[in-house]
Amino acid sequence: MSTTVSPLAPKKYPKMPAIEGVRIATAEAGIKYKGRTDVLAMVFDEGTAAAGVFTRSKCPSAPVDFCRENLSGGKARILVVNSGNANAFTGKKGRETTTLTGQAAAKAAGCTPGDVFLASTGVIGEPLDAGKFSHLLSGMVKDARPDQWTEAAKAIMTTDTYPKVVTATVKLGDIDVTINGIAKGAGMIAPDMATMLSFVATDAPIAAEVLQDMLSRGTASTFNAVTVDSDTSTSDTLMLFATGAAGKRGAPKISDPKDARLASFRRALNKMLKTLALQVVRDGEGARKQVEVTVTGAKSSRSAKRIALSIANSPLVKTAVAGEDANWGRVVMAVGKAGEPADRDLLSIWFGDNRLAHNGERDPNYSEAATSAYMKGDDIVIRADIGLGRGKATVWTCDLTKEYVAINGDYRS
């Protein structure tokens, strides 16, 4: 966790309301960090539905395996998260840790291990000693309070420089329901599911399969459209919990993903996922600028996304942005290497409103002075039109600075 907060951090944070049916506690276990919280317990009332999406890495962490196994039940009573150690690539020891933690959490929450969800973030390859925090869980469950959402976001930080929180209130039928979300992530962020870790909860009475449908669809243009450094984490976990408590106030129970009453809830959820995903990008390790990359005119939207990611993940494009250099030749390079249909002589490129290249060569009206002035801003928009079709996609990334190398060069020391 850095001592200096990212210059792209939010200027103010929302006051996070309580969600009926969710209580939260955090603790200091000293897993890696001293003098800060590093364990989170989120306790759910009976009847809470759960959905999740996880990393597509072929080397997933032990907690990801544990969650995938329990998700089929669709129910949750407690979530336990630790930071400082990812419990990934820890073999048999990793499985023993998740089993022990799962049992301790189930005992603390008075449920079965099948209703427990776990997430760990931090160093890969170091065994995680469950004994460091499992004894804290029963006290945490007893002390848990509904008003601890920002504290929860702080407890799961690693190299993050600020906690990531978002909230929304929407109508389900005629009844107000609340949605809260937290996330962590700053490095090893690439779009193959979600950020490192993100947890969203609502008091809406929505069935697990409906939550799953919304979550899976909602990640495509949000968490799966952000990249800090093209590296897909072993631990990516995004979960959505619904306590159903608003049902007591007359909110309708939703059991069909096509239910028209879900429209405003779905819109709010997608907007929240995008906000959290962009907060992750804006806290990219060493980041000084947010970069939005839009590709239009591609053969298909899938092709557009691949080209956009090729641009967003290019170290040369990202270092040019860091140096405030409108080096559009690097964008040409990234389009060309993406392996997708493209035609050099149809390509146009913009930085903001400044068209730099058109029909395969430099735009005759290009102004170096205007574009250089544009590059000094915090938010840079790059657009490439491929000129071949109607496919389009947008992804978000950040610049690549010396600080990124410094943070990741001594992450374990």
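**Exercises on a predicted model**

Threonine 371 sits in helix 10 (residues 368-374). Helices here are DSSP runs of H or I with at least four residues, numbered from the N terminus. The structure is a predicted model, in which local features need pLDDT of at least 70 and side-chain atom pairs count only at pLDDT 80 or more, while totals for chains, interfaces and linings use all residues. Residues are numbered from 1 along each chain as its sequence is written, and side-chain values use heavy atoms, leaving out hydrogens and water.

**Exercise 1.** Work out whether threonine 371 is buried or exposed, and which residues it is in contact with.

*Solution.* Start with the relative accessible area: it is 0% for threonine 371. Buried means under 20%, exposed over 50% and partly exposed in between (1.4 Å probe, protein chains only), so threonine 371 is buried. Next, set aside neighbours within four places in sequence; threonine 371 then contacts Ala326, Phe351, Asn354, Leu356 and Tyr366, where contact means heavy atoms within 4.5 Å.

**Exercise 2.** Describe how helix 8 and helix 9 pack.

*Solution.* Two packed helices are described by the angle between their axes and the distance between the axes. For helix 8 (residues 315-322) and helix 9 (residues 328-337), the angle is about 160 degrees and the axes lie 9 Å apart. Axes are lines fitted to C-alpha atoms over the stretch in contact, with angles from 0 to 180 degrees between N-to-C directions. Angles over 145 degrees count as roughly antiparallel, so helix 8 and helix 9 are roughly antiparallel. Finally, list the contact: Leu316, Val317, Thr319 and Ala320 of helix 8 meet Arg330, Val331 and Met333 of helix 9.

Technical notes. Helices (H or I, at least four residues) and strands (E, at least two) are DSSP runs, numbered from the N terminus. Angles under 35 degrees count as roughly parallel, over 145 as roughly antiparallel, 65 to 115 as roughly perpendicular and the rest as oblique.
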